[in-house]
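This report walks through one model, from the terms it relies on to a single residue. Please keep the sequence and the structure in view while reading.

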Amino acid sequence: ADALAAGGLLSGLRVLISAGPTREPIDPVRFIGNRSSGKMGYALAAAARRAGADVTLISGPVALDAPAGVETVRVETAAEMHEAVMARTDRTDIYIGTAAVADYTPARVADAKIKKHADRLELTLSRTRDILRSIAALPDKPFVVGFAAETGEVEAHARAKLEAKGADLVAANEVGGAAPGGFERDENALFVCWRGGECHLPLASKTEIAHRLIRLIAERYYAENT
Ligand code: CTP
Ligand code: CA
């Protein structure tokens, strides 16, 4: 299990990871959120640290302790996460976006708690900015790893995301329904693709999957940066 530490596989490299959900406020007491425990991102941060990297974790609200030796910055909204990530990209060799960033946020946040007067309440939502795309578009971009939360046709969706987002590698897992891994679970199975290839990481604990994925990321990073 310690092939990661033994080789110091990522020593000297700076790895930036986003994790967890974001919370988009509706009023002072309510928000729109999503199902993400943050476990995959935290496990990847610990694995990257173990592999010798200098690791920074930008985390949405989760019930997890900061991994030992990892600089952890807590944020709430998609906009805060975008800002916290972008402020650190110039010091980053590898970006891993595991966060389940909200795609939409309330167009206006009510100053006071919304009372239940009417039978219907309509919320207008605006698109958030895409963090992964912003990083992939940088002139001196790091090696960019995206996650894809998909249902059905996982492999095709993952390939489409790799291209659309300008990522260097995309890891996808099936979420919801009868899928074995994913959100709020302790195990995960991933389909991983990059421009020149792909592979499957079969069902294992998120810790084990994180180790395998970090090894794969290191391999692809060095293949493109030597
Ligand atoms: N992502 C991001 N910023 C956003 C939305 C998504 O950085 N505002 C990142 C996620 O962290 C993940 C990747 O994009 O690494 C894919 O997220 P996903 O939700 O699967 O894809 P989207 O591009 O948001 O498309 P859709 O939800 O419509 O499938
Ligand atoms: Ca999305």
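## Terms and basis

Axes are lines fitted to C-alpha atoms, for helices over the stretch in contact, and the angles between N-to-C directions run from 0 to 180 degrees. Helices (H or I, at least four residues) and strands (E, at least two) are DSSP runs, numbered from the N terminus.

The model is a predicted one, in which local features need pLDDT of at least 70 and side-chain atom pairs count only at pLDDT 80 or more, while totals for chains, interfaces and linings use all residues. Residues are numbered from 1 along each chain as its sequence is written, chains are lettered from A and ligands numbered from 1 in the order in which they are written, and side-chain values use heavy atoms, with hydrogens and water left out.

## The chain as a whole

The protein chain contains 6 helices and 12 strands, and its C-alpha atoms fill a box of roughly 60 × 35 × 35 Å along the principal axes.

Of the 226 residues, 47% count as buried, meaning under 20% relative accessible area with a 1.4 Å probe, protein chains only. Among contacts (heavy atoms within 4.5 Å) between residues at least 6 apart in sequence, 62% join residues at least 24 apart.

## Helix 2 against helix 6

The axes of helix 2 (residues 39-50) and helix 6 (residues 206-224) come within 8 Å and cross at roughly 55°. That angle makes helix 2 oblique to helix 6, since angles under 35 degrees count as roughly parallel, over 145 as roughly antiparallel, 65 to 115 as roughly perpendicular and the rest as oblique. From helix 2, the residues in this contact include Met40, Ala43, Leu44 and Ala47, and from helix 6 they include Ile209, Ala210, Leu213 and Ile214.

## Helix 3 and its cover

In helix 3 (residues 78-86), the buried residues are Ala78, Met81, His82, Ala84 and Val85. Their cover includes strand 1 (14-19), strand 2 (24-27), strand 4 (54-59), strand 6 (94-97) and helix 4 (131-136).

## Ala171

Ala171 lies in strand 10 (residues 169-174) and counts as buried because its relative accessibility is 0%. Leaving aside residues up to four places away in sequence, Ala171 touches Gly146, Phe147, Ala148, Leu190, Phe191, Val192 and Leu213. Although Ala171 and Val145 are 26 residues apart in sequence, their C-alpha atoms are 7.6 Å apart in space.

Key: Buried < 20%, exposed > 50% of the residue type's maximum accessible area, 1.4 Å probe, protein only.
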